[in-house]
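Here is a note for a colleague who is meeting this structure for the first time. The points below are meant to be read with the sequence and the model side by side.

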Amino acid sequence: MRRPRRAQTLTALAVLAAALVLAACGSSSSSSSSSSSGSGKLSLVAYSTPKEAYAGIIPAFGNTAAGKGVTFTQSYGASGDQSRAVAAGLSADVVAFSLSPDVNRLVKSGQVAADWNTGPYKGNVTNSVVVLVVRKGNPKHITGWSDLTKKGVDVITPNPISSGGARWNVMAAYGAQIKQGKTPQQAVEYLKALFHNVSVQDKSARDALNTFTQGKGDVLISYENDAITAQQKSQSVDYVIPKQTILIENPPRSSRTRSTSRRRRRSSSS
């Protein structure tokens, strides 16, 4: 069973901390009387998967000079839903989404700089891969993508309309077929057969994980880090890394919301 390399984890934590520092230093929600310690309140709007990571990162950030006195409001949900909410006016100082298009939506609305994906990490904070989460001992003998279309195999994956994780799953499944030498049309037919076996499509990857760990389904298509989280919580699951999978890169960014812009305009006119 493969585990993410520690170096990757430390790099992700460093970039996440940098994003929080950036927001703390430049947030319009900081108190006008704050000192150089960066006191104030920041809002974090993120997709569901990194909730446990932020539970450790935010307190650690609070122990730094830049984070002293900084408090956070936190909102977690399906990546697409969270992105649309921020674009519609939900206040956010830091956003973390599972897909670049969810960040680019905020570029179009003028809330994130167009060059967000430049720099040494290309705007991405974490890496993972798509895996197949199975029951302990793998009773259905799931070894790869071809097993997910077999009769009697109950598959769980979130809804691609709301969930960025679900879109990664679809891209991994489609790409695997192409890597196996199938035509694009055959890959589409595979997706149709796969979704014929899908019994539940939750709004987010984390909701799908909860559905699976509560006993529904034979196999869950998910992030590797979500599978590891389940194991760390003593859930009775194993996971399989398919021979063909996809590298997942997740982007965070500091953000200026429309509600912040409206506050500025009211302040300027007063």
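1. Glutamine 244 counts as buried because its relative accessibility is 19%, where buried means under 20% relative accessible area, exposed over 50% and partly exposed in between, with a 1.4 Å probe and protein chains only. Glutamine 244 sits in the loop between strand S8 (237-240) and strand S9 (247-250); helices (H or I, at least four residues) and strands (E, at least two) are DSSP runs, numbered from the N terminus. Its side chain is joined to that of glutamine 180 by a polar contact of 3.1 Å, a polar contact being a pair of N or O atoms within 3.5 Å, of which, within protein, one must be able to donate a hydrogen and the other to accept it, while residues adjacent in sequence count only if both atoms are side-chain atoms. Leaving aside residues up to four places away in sequence, glutamine 244 touches Trp145, Ala176, Lys179 and Gln180, with contact meaning heavy atoms within 4.5 Å.

2. Please keep in mind that this is a predicted model, in which local features need pLDDT of at least 70 and side-chain atom pairs count only at pLDDT 80 or more, whereas totals for chains, interfaces and linings use all residues. Residues are numbered from 1 along each chain as its sequence is written, and side-chain values use heavy atoms, with hydrogens and water left out.

3. As for the whole, the protein has nine helices and 10 strands, and 47% of its 270 residues count as buried. Among contacts with a separation of 6 or more, 75% are accounted for by residues 24 or more positions apart.

4. Which residues of H4 are buried? They are Asp102, Val103 and Leu106, and, seen down the axis of H4, the buried residues fall within an arc of 100°, so they line one face of the helix; the arc is that of the directions from the helix axis to the C-beta atoms. Helix H3 (79-87) and strand S3 (94-96) are included in what covers these buried residues.

5. Two packed helices are described by the angle between their axes and the distance between the axes. The axes of H3 and H4 come within 9 Å and cross at roughly 5°, which means that H3 is roughly parallel to H4. Here axes are lines fitted to C-alpha atoms, for helices over the stretch in contact, and angles run from 0 to 180 degrees between N-to-C directions; angles under 35 degrees count as roughly parallel. On the H3 side, Ser79, Gly80, Ser83, Arg84, Val86 and Ala87 meet Asp102, Arg105 and Leu106 of H4.

6. After H4 comes glycine 110, whose phi is positive, near 80°. Glutamine 111 is found in the loop between helix H4 (100-108) and strand S4 (126-135) and counts as buried because its relative accessibility is 5%. A polar atom of the side chain of glutamine 111 lies 2.9 Å from the backbone oxygen of valine 86.

7. Most residues other than glycine have a negative phi. Histidine 141, although not a glycine, has a positive phi of about 55°; histidine 141 lies in the loop between S4 and strand S5 (155-156) and, at 61% relative accessibility, counts as exposed. Serine 234 likewise is not a glycine and has a positive phi of about 65°; serine 234 is placed in the loop between helix H8 (224-232) and S8 and counts as exposed at 67% relative accessibility.

Technical notes:
Parallel < 35°, antiparallel > 145°, perpendicular 65-115°, else oblique.
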